[in-house]
Amino acid sequence: MDMSRRTVVAGAAAAGVTAALSGTAHATGGRHPVKELFGRLADGTKVYRWSLENGGTRMKVLSYGGIVQALEIPDSRGRYRNVSLGFADLDDYVASSPYFGALIGRYGNRIAKGRFTLDGTTHQLSVNDGENSLHGGERGFDKRVWDVEPFTRGSDVGLRLYCTSADGEMGYPGTLKSKVTYTLTRGGDWRIDYEATTDRATVVNLTSHVYWNLAGEGSGSIYDHEVSIAASRYTPVDAGLIPTGELAKVAGTPFDFRRAKAVGRDIRVAHQQLLYGKGIDHNWVLDKGITGTPEHVATLRDPGSGRTMRMATTEPGLQFYSGNFLDGTLVGTGGAVYRQGDALCLETQHFPDSPNQPAFPSTVLRPGQVYRSTTVHSFGV
Ligand code: GLA
């Protein structure tokens with residue numbers, strides 16, 4: 001969290017509105033995660049919801065899909081809103097969620113024809129997006145029930161989520177053991193650390209699919225939100241949203257977000273790539289490349305509420321999706337209908353279809369190696 005946010009929280013407390021900021025005694029204090037039953041799957045499996053809070057950020061996380069069901073942060077006057085799209089009930093997540101708030105695996109984004117060759121063996125994955133495999137296939141990590149373990153460590157609070165994917169699940173080789181750690185820091189940052197190991201060579205690309213609307217879920221479109229992305233290139237796609245392999249310059253295109261720009265400013269430009277995506281649905285090639293520690297890559301700002309989110313990551317790519325497939329058929333957490341452009345996703349990742357693109361950074365994981373990836377979201381006003 002930046003200094004301006006801390007000042008605001010202190011100012012609000014001084015004005016005697018601490019109670020409005022939080023149901024707990026300390027508006028900015030950490031709270032050990034609390035568990036409650038959220039629902040049951042058709043086979044009777046219990047799904048739990050964990051509530052945690054630290055540094056002025058509040059989160060609700062489901063054991064189903066590791067889904068962030070709600071993420072609440074204050075505006076410049078200390079008013080909290082849930083800034084991530086979701087559902088009130090488990091049944092809706094199971095029936096029709098477009099990955100709201102979910103952990104994505106084994107492979108975030110698309111693999112062409114759901115097929116790739118590794119060490120001379122061709123693997124056929126579950127195909128669930130036209131002829132392609134998207135976000136891990138028919139039953140990806142977003143639909144798995146994770147084992148969740150809460151923790152308090154110094155001034156941090158968080159959850160460790162575990163999931164084992166069997167050799168051959170959704171067509172992927174190797175038993176993949178994943179551990180994802182959600183940490184809320186004393187400063188109110190939400191940090192995600194991903195780890196995975198395998199017993200056979202495989203491909204991995206884990207990410208998080210939160211739909212952001214910093215004005216609050218259900219409050220309308222994000223076309224006024226300003227986005228900046230530290231990327232000079234992006235990966236153009238074909239009609240099936242598979243990268244052509246080119247790393248195209250953003251300069252002079254609607255994809256230039258090197259300086260903060262409203263999402264809606266160029267979204268109606270008749271650019272072939274925007275037609276393919278039905279808006280923005282592309283991977284940006286982050287200038288910093290792969291890094292050992294998270295580096296700043298993007299900022300999101302809602303001018304109306306003043307809420308901001310800064311993102312830092314170790315990953316080389318960022319999928320920016322402008323909620324193009326939200327079509328007015330889903331009723332969200334707060335009871336409002338979600339329509340096209342009501343939220344946006346910023347998915348840190350390796351590039352789409354990397355297993356079929358030798359020139360892209362590799363997503364191969366071999367026995368003995370540990371897959372690691374970290375993304376940090378910092379909220380402010
Ligand atoms: C990702 C994809 C989009 C879309 C959404 C889910 O962001 O890139 O094309 O499939 O997930 O609806």
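Mentor: On a 1 Å grid over the protein atoms alone, a cavity is a set of points where a 1.4 Å probe fits but cannot get out; a pocket is an open set with protein on both sides within 12 Å along at least five of seven lines; lining residues have an atom within 4 Å of a point. Grid points are joined across faces, edges and corners, and a volume is the space filled by probe spheres set on the points. This is a predicted model, where local features need pLDDT of at least 70, side-chain atom pairs count only at pLDDT 80 or more, and totals for chains, interfaces and linings use all residues. Residues are numbered from 1 along each chain as its sequence is written, and side-chain values use heavy atoms, with hydrogens and water left out.

Trainee: How much space lies in the largest cavity?

Mentor: Two cavities reach 30 Å³ or more. The largest cavity holds about 60 Å³.

Trainee: Which element gives the most residues to the lining of the largest cavity?

Mentor: The lining includes Tyr-194, Ser-208, Glu-347, Thr-348 and His-377. Two or more residues come from each of β14 (190–198), β16 (207–209), β27 (345–349) and β29. Strands here are DSSP runs (E, at least two residues), numbered from the N terminus. With three residues, the top contributor is β27.

Trainee: How many charged residues are in the lining of the largest cavity, and which domains does the lining draw on?

Mentor: Ala, Val, Leu, Ile, Met, Phe, Trp, Tyr, Cys and Pro count as nonpolar, Asp, Glu, Lys and Arg as charged, and the others, Gly among them, as polar. On that scheme the lining has six nonpolar, five polar and one charged. Domain bounds come from an automatic or database domain assignment. At least three lining residues come from each of domain 1 (3–208) and domain 2 (221–354).

Trainee: Which peptide bond is cis?

Mentor: Start at the second largest cavity, with about 30 Å³ of space. Gly-105 and Arg-106 are among its lining residues. Arg-106 sits in the loop between β6 (102–104) and β7 (110–111). With omega near 0°, the cis bond runs from Gly-105 to Arg-106.

Trainee: What is the phi of Asn-109?

Mentor: Asn-109 is in the loop between β6 and β7. The residue is not a glycine, yet its phi is positive, at about 85°.

Trainee: Which residues are closest to the centre of the largest pocket?

Mentor: This pocket has a volume of about 300 Å³. Its lining has 18 residues, and the closest to the centre are Tyr-99, Leu-134, Tyr-211, Tyr-321 and Phe-325.

Trainee: How many charged residues are in that lining of the largest pocket?

Mentor: Domain 1 (3–208) and domain 2 (221–354) each supply at least three residues of the lining. By class there are eight nonpolar and five polar residues, and the charged residues number five.

Trainee: Which polar side chain lies 2.7 Å from an oxygen atom of the ligand?

Mentor: Residues around the ligand (a heavy atom within 4 Å) include Tyr-99, Arg-110, Leu-134, His-135, His-209 and Tyr-211. At 2.7 Å, the side chain is that of Arg-110.

Trainee: Which residue in β13 stands opposite Tyr-162?

Mentor: Strands of a sheet pair through backbone hydrogen bonds, either parallel or antiparallel. β12 (156–165) and β13 (176–184) pair in the antiparallel sense over nine bridges. The residue opposite Tyr-162 is Lys-179.

Terms used
Two strands pair if DSSP finds at least two bridges between them. Helices (H or I, at least four residues) and strands (E, at least two) are DSSP runs, numbered from the N terminus. A polar contact is a pair of N or O atoms within 3.5 Å; within protein, one must be able to donate a hydrogen and the other to accept it, and residues adjacent in sequence count only if both atoms are side-chain atoms.
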